[in-house]
Structure formats: structure tokens, C-alpha cells
Amino acid sequence: DEYDPLKNGVASVSWLPSLSEQVASAKGGIPAEIRNGAEILPLFPLGGMVYTPNSEHVLNIFEPRYRQMYTDILMNGSKRFIVSMSHPEKEGMFATTGVIFYLNDLKEVSEETGDAIKYICNHRVTKRVQLHTVLNPEAWTARDTYLKVEATILDEGDDEEISGDEDLKDNDIYKSLVGAISDSRPKTKEEKELSKTFSNLVEKQHELEEDVRFTRASVETLAVAPGNGGDGLWATIRLWQSFIEQRLVSRQNEMQMEFQEKLLAYLKKEKGISDKELPSAIGFDDLSPALQKEVQDLQKRMSVELQPMVLESTLAIQKILEAEDHTARCELLKHFVESEKKRLETKGLLKGMFAPGGGSGLTVEDDEIKDAKEEKDKMVADIKASLEEAKKDDKGGDNVGDSGSLIMDDEDAFQ
């Protein structure tokens, strides 16, 4: 059988027992002895997002228990806590491999926000960490304090140390030294294979004129070296994470096109609205019963078709995060890049089969089609804005600034 690291779905990732199970078996309190090399650290659950080393993130802190957590890590001087992916289906269950968030900067904003938000905090992800057990699982339901875990910070031999106090990443001399060492180091077999596979994917993306694709220039600058630096593999892993997020958004936009065409036709025909008068947004109650059903059907389709894509992309990054070493990470990322290339090859074959005249199936858009797309893109932006607003309203925990999930690693990596 062909190797598939995600063949078992959610079970492909390692999880701690659920907190409800741990409550039933917990002895309570801090143990008299902990594992050799382990530490007791706070756990801050931030949902199903996977965070990777050397990325930066902003959190808005308002819940009392997490206000206390920040006070504690400032008072004890550690300035760090654990973030681990939450199980997509089972509440109170977390991945056994997480990361360390190191607090770089904290701003008190109680007065400006009327105490709605206590702190705005900037963090840098420094290391991977292995979670062993949650020491106070009852706090999950009581919500009177934050979770504490016994965990081991993974000190990887091939990774440069990231210092939270000394901002070495902005030191030009340091970067030059690291760069010189990396440039002189020959690539391993796994690194060469990953680079070649990535190059083949980029060529296939350009051949099919994919909406979301890497630039050809990104092939030459692909980071595959060990370590957390700008030329390290983690930079490419974050870039890949950004790519699959953008591909997901693109697919979502495609699914909305059909409904948008019907909505535009309805507004023009039934409401007598011209192109220049099209509203920036329209309420659900203003739609006809038929269009309301279309909206509900679209939501169901998006849930059925997009959710597995979201889950697969998240599990892929988590699987890489829990990989044993640099070589294993190279091999896993190569597998996911190769899988994407195979998907495009299949797409290309189907395109060729069904294109008029049996040609390539690629067409040049005329001005009328472009104008229609601009209208649709505008409506997509409005829909996204509404969805983002809804997400903010639905959040029960502290807000996460997702600077780490944007395409910030290499501005020229995508087209």
C-alpha cells in the first residue's frame, strides 16, 4: 500500500486522554516528583490551529484565568506557556506535541478598553514540547484557573536555540554568520528530494495556471536546512501552511460563484437594481425563499466539502510538528507536496478530457468575464467580512491575532 501518514484521519495524530478521563483518574495537585527533564508549565488552549517554531503571534487577553496566568509567568520570570492543538471532535483533548509561546511584549490596555481586554501580548514560538499529563484537569470545567501540565521541552540537536531575551534574529552579524554556515553546508539526500519535489509542483502549478501558486523564484530560495532560522525548514513549513490556507479560501470562493450569479440575477431582475446600484451587502431576510434555500444549501455543501480539507491541512502540519527530527520533517513535507502535485496532475487530465476540442482547457478571459468576476470578488470580500465578524462574536475564549497564519514568510512566494 502507498504510504499515507494521515490514513487514520484524526487518529493519525497523538492525543492526550480527554480531560474528563483525566479527572476520573487524577490524584489531584502537583505531584511530589515529576519525570526526569520535565517541567510544570501553563497550558493555553487556542483551538484547532497548529503553531510552528519561529513564528510570531498576538493574543488579546480578557478571561480572568488567563489574566492570572500572565501575572504568574511574569512574576516567576519564565514568561512562557504551552499551546497545543485541540481535538477537532472531542472537547478537552489536546495533541501530545505542542509548542512553547515566549512572551516578548505585553501592553496593559484596561483603561483604553474599559477592562474588556486586559493585555495585548506579543509572542514568539521557540520550541516544540511533549505533553505528558494535565495536572489539574478539573479546571477545564470549573474555569476558575488555567490548566497546568507536566511536559518536556524538546531540545533538538539540529535546531539553533531561540532566545526570548536576546533578539538574535534581528542581529545582522548573527544572521550573516548563520547564513554563511548554512550556505556552506551540503544538502542531505532528503533535503535535495524535497527541493526537487517542490520544483516539480511549482512547474505543474504554472502549467495549469492555478489561482494560488508559488512563484518560480521561490524554488531557488526554498529553505530546507535544519534549525529555526530564516533559511531553516520551519520557514518552508509555515509557507506551506499559508499555501494550503489560501488554497482553501480559493476553493471556498469557487463554491460561492454559482450562488453569487443567482443573487446578482435576482437583484437585477426582481429588484430592478442596475450594476451601479448593487449593494455592498444584503440581509438574509431580504432574499426570496428560493435564494434563502440556496444559501442554506451552500452552507451545508461548504461544511461537507470544505471541513475535510480544513481538517486534512491542519493534521498535516501537526503531523510534521510531532515528527522525531529534521529528516522525518523533510520526508513528511515532501509527501504532502507530492500529494498536491498528484492532485494537480489528475485535475490536468480531467481538464484535457472535457475541454472543448480536447485542448488544454485553459482559456483567456475577455473583458466581460473579468467585469463579472470583479463583481463577484467584491461580494466575496463582503461575505468574508461578515464571516470574520461572526467569528469574533462566537469566540468564547481570548482573541487570537493570526499574524502567524498570514503569508508573511516570503512576500514573493505566491502569485
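Select Y51 to start: this residue sits in the loop between β1 and β2, where helices (H or I, at least four residues) and strands (E, at least two) are DSSP runs numbered from the N terminus. The model is predicted: local features need pLDDT of at least 70, side-chain atom pairs count only at pLDDT 80 or more, and totals for chains, interfaces and linings use all residues. Residues are numbered from 1 along each chain as its sequence is written, and side-chain values use heavy atoms, with hydrogens and water left out.

Is Y51 buried or exposed? Y51 counts as buried because its relative accessibility is 6%; buried means under 20% relative accessible area, exposed over 50%, and partly exposed in between (1.4 Å probe, protein chains only). The C-alpha atoms of Y51 and L321 are 8.6 Å apart in space, although the two residues are 270 apart in sequence.

Stay in the loop between β1 and β2 and select N54. Its phi is near 70 degrees, a positive value in a residue other than glycine. N54 is buried, at a relative accessible area of 15%.

Next, select α2, residues 64-75. This helix has 12 residues and reaches 16 Å from its first C-alpha to its last, close to the expected 16 Å at 1.5 Å a residue; the expected span is 1.5 Å times one less than the number of residues. Which residues of α2 are buried? They are R65, Y66, R67, M69, Y70 and I73. To see what covers them, show β1 (39-43), β2 (56-61), β3 (80-83), β4 (97-108), β5 (119-134) and α4 (139-142), which are among the covering elements. After α2 comes G77, with a positive phi near 80 degrees.

From α4, move to R143, in the loop between α4 and β6 (147-153). R143 has a positive phi near 60 degrees and is not a glycine. Its relative accessible area is 45%, so R143 is partly exposed.

Then select α8 (residues 233-269) and α9 (residues 289-321) together. Their axes come within 11 Å and cross at roughly 175 degrees; axes are lines fitted to C-alpha atoms, for helices over the stretch in contact (heavy atoms within 4.5 Å), and angles run from 0 to 180 degrees between N-to-C directions. α8 is therefore roughly antiparallel to α9, a term for angles over 145 degrees.

Finally, show the whole protein chain. It has 11 helices and 7 strands, and 42% of its 415 residues count as buried.

Notes: Parallel < 35°, antiparallel > 145°, perpendicular 65-115°, else oblique.
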